[in-house]
Amino acid sequence: MRQSQLFTKTRREAPKDEEAKNAQLLIRAGFVHKELSGVYSYLPLGFKTLTNIVNIIREEMNAIGGQEIVMTALQDKELWSRTDRWDDDKVDNWFKSAFKSGGETGLAITHEEPLTRIMTDHISSYRDLPRYAYQFQNKFRNELRAKSGIMRGKEFLMKDLYSFSKDTEEHDRFFAVAREAYKKVFERMGIGDRTYVTFASGGIFSEFSEEFQTVSDAGEDTIYIDEVKGIAVNKEVYTDPVLAKLGLSKDTLIEKKAIEAGNIFNLGTRFSESLGLMYTDEHGERKPVVMGSYGIGPTRLMGIIVESLSDEKGMVWPEAVAPFRVHLVSMVPNDPTIVAYADALYEELIAAGVEPLYDDRDVRAGEKLTDADLIGIPTRIIVGKETISSGELEVMNRATGEVKRIPRTDLLNSFRTVVVAEEVAAQEAAVEAASADETK
RNA sequence: CGGGGCGUCGUAUACCGGUAGUACGCAUCCUUUGGGAGGAUGAUGACGGAGUUCAAUUCUCCGCGCCCCGACCA
């Protein structure tokens with residue numbers, strides 16, 4: 001993509017109505033646009049980044065047997081009344097609206113109810129279990145106070161997976177599998193080293209839920225981490241009996257601020273019983289389906305990555321989620337030789353399978369470099385006078401600032417090798433997933 | 001929802017009861033070209049409503065919007 005064609009521009013200053021680092025940087029770099037308090041649109045660079053995050057999650061959900069669907073935003077009042085989650089005194093953050101023909105509806109805050117009802121059409125025997133379905137969908141929550149930029153909005157993207165199992169044993173097995181899949185997601189996003197499985201309140205459903213908490217000063221939660229065991233406890237359940245139960249000692253726990261990047265819940269039979277999702281077991285006995293729910297907010301995750309990995313110059317995206325892997329910067333816009341060289345290199349990079357963001361704008365070098373720092377693409381290739389005389393490309397690592405000089409052909413070959421390796425890995429993963437399906 | 005604060009060109013800011021100024025950005029031109037360059041010229045602005053006043057962007061009230069602290073957060 002030629003940067004001269006990108007419709008977004010960078011800004012020197014953050015808008016005064018944003019205090020959160022993630023929102024300041026994302027707006028300055030043109031990734032997002034604030035529509036309302038707690039409501040953001042995603043512009044080309046932001047959408048590409050978000051798409052990469054979504055795809056990583058999608059791959060990991062597919063790998064554990066998840067089947068992707070899309071449910072509706074508009075909800076059936078009658079359905080939610082049956083589980084007693086419609087009244088404002090029970091759930092106070094609905095956005096409710098009325099049909100012109102009469103009657104009320106609401107914008108989905110979560111999707112246990114509609115999916116459980118859908119499943120009543122499709123699950124009736126033990127042969128139909130287990131099943132796992134998930135979606136990426138905007139959720140709407142009428143928060144009294146949005147805050148922290150894109151990390152706590154009123155409308156936000158959510159990946160929610162729901163599991164349907166025969167009994168608690170089958171459920172527990174999948175729960176453990178889902179936990180590992182979540183860990184993989186955070187590792188691939190570059191925040192695995194600072195994200196902890198955290199025991200938290202299970203709310204009305206069960207004793208505990210498990211949160212995935214990323215250590216960050218921007219976090220709203222306080223957690224107590226056991227570094228050796230690699231797990232943590234949320235302050236909301238930080239009591240002696242709970243610690244004893246989890247085999248943790250106060251002496252080894254470290255208090256940190258953290259932000260919830262995901263959570264997994266054991267729902268038991270709360271929804272299946274109230275909505276009649278039953279199956280007949282091997283002995284002809286009718287039983288309620290045992291459910292779980294598993295959430296990750298991709299938009300929040302994007303904010304967490306910005307909060308966690310940016311530096312004083314701007315954002316620093318991990319390879320896996322960066323809007324582009326490579327930022328090609330031509331330094332002297334009025335020198336036809338350099339422009340021609342950079343143009344040719346741009347085409348060759350595309351041919352090698354790595355489309356860069358190509359800063360071909362007619363602006364000064366300083367502005368380009370400052371913008372490149374802000375945008376935070378992991379690898380930067382700088383083309384200037386020296387490049388042409390030496391035949392070596394100046395390749396800079398955004399995260400470390402390290403600069404290497406690499407002969408042009410070597411660099412192009414290394415990209416080709418990486419692309420081929422990724423294709424092979426993708427094929428292997430597909431084969432593995434297919435064989436996993438067969439063994440079920 | 002309780003408390004506090006704020007709404008001025010696209011962005012960030014200043015001043016003022018009586019010409020609304022500056023910087024960046026934008027437009028045209030000249031110079032400049034490896035870390036947000038200099039000059040010249042130009043376009044663009046007071047959240048909405050009511051009130052006080054000869055006169056309101058400025059003061060008062062009511063809306064609306066935004067931010068922060070707390071509460072809340074399947």
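**Loops first, then a helix pair**

Select Asp 84, in the loop that runs between helix H3 (77–82) and strand S5 (95–98). This is a predicted model, so treat each stop as a feature of the prediction. Check the backbone here: phi of Asp 84 is near 60°, a positive value in a residue that isn't glycine. Most residues other than glycine have a negative phi, and most peptide bonds are trans. Is Asp 84 buried or exposed? It counts as exposed, because it has 10 C-beta neighbours inside 10 Å and the cut-off for exposed is 12 or fewer.

Now jump to Ser 148, in the loop between S7 and strand S8 (155–165). Ser 148 also isn't a glycine, and it has a positive phi of about 60°. The surroundings are another matter: with 21 C-beta neighbours inside 10 Å, Ser 148 counts as buried.

Next, pick Pro 130, in the loop between helix H4 (112–120) and strand S7 (131–140). Look at the bond joining Leu 129 to Pro 130: that peptide is cis, with omega about -5°.

Last stop: show helix H2 (residues 44–63) and helix H5 (residues 168–188) together. Their axes come within 10 Å and cross at roughly 155°, so H2 and H5 are roughly antiparallel to each other. The crossing of H2 past H5 is right-handed. Colour the contact of H2 with H5 by residue type and you get six nonpolar, no polar and three charged.

Terms used: Residues are numbered from 1 along each chain as its sequence is written. Chains are lettered from A and ligands numbered from 1 in the order in which they are written. This is a predicted model: local features need pLDDT of at least 70, side-chain atom pairs count only at pLDDT 80 or more; totals for chains, interfaces and linings use all residues. Axes are lines fitted to C-alpha atoms, for helices over the stretch in contact, and angles run from 0 to 180 degrees between N-to-C directions. Helices (H or I, at least four residues) and strands (E, at least two) are DSSP runs, numbered from the N terminus. Angles under 35 degrees count as roughly parallel, over 145 as roughly antiparallel, 65 to 115 as roughly perpendicular and the rest as oblique. A crossing is left-handed if the near helix is turned anticlockwise from the far one by less than a right angle, and right-handed if clockwise. Ala, Val, Leu, Ile, Met, Phe, Trp, Tyr, Cys and Pro count as nonpolar, Asp, Glu, Lys and Arg as charged, and the others, Gly among them, as polar. A residue is buried if 20 or more other C-beta atoms lie within 10 Å of its own, exposed if 12 or fewer, and partly exposed in between; C-beta atoms are placed from the backbone.
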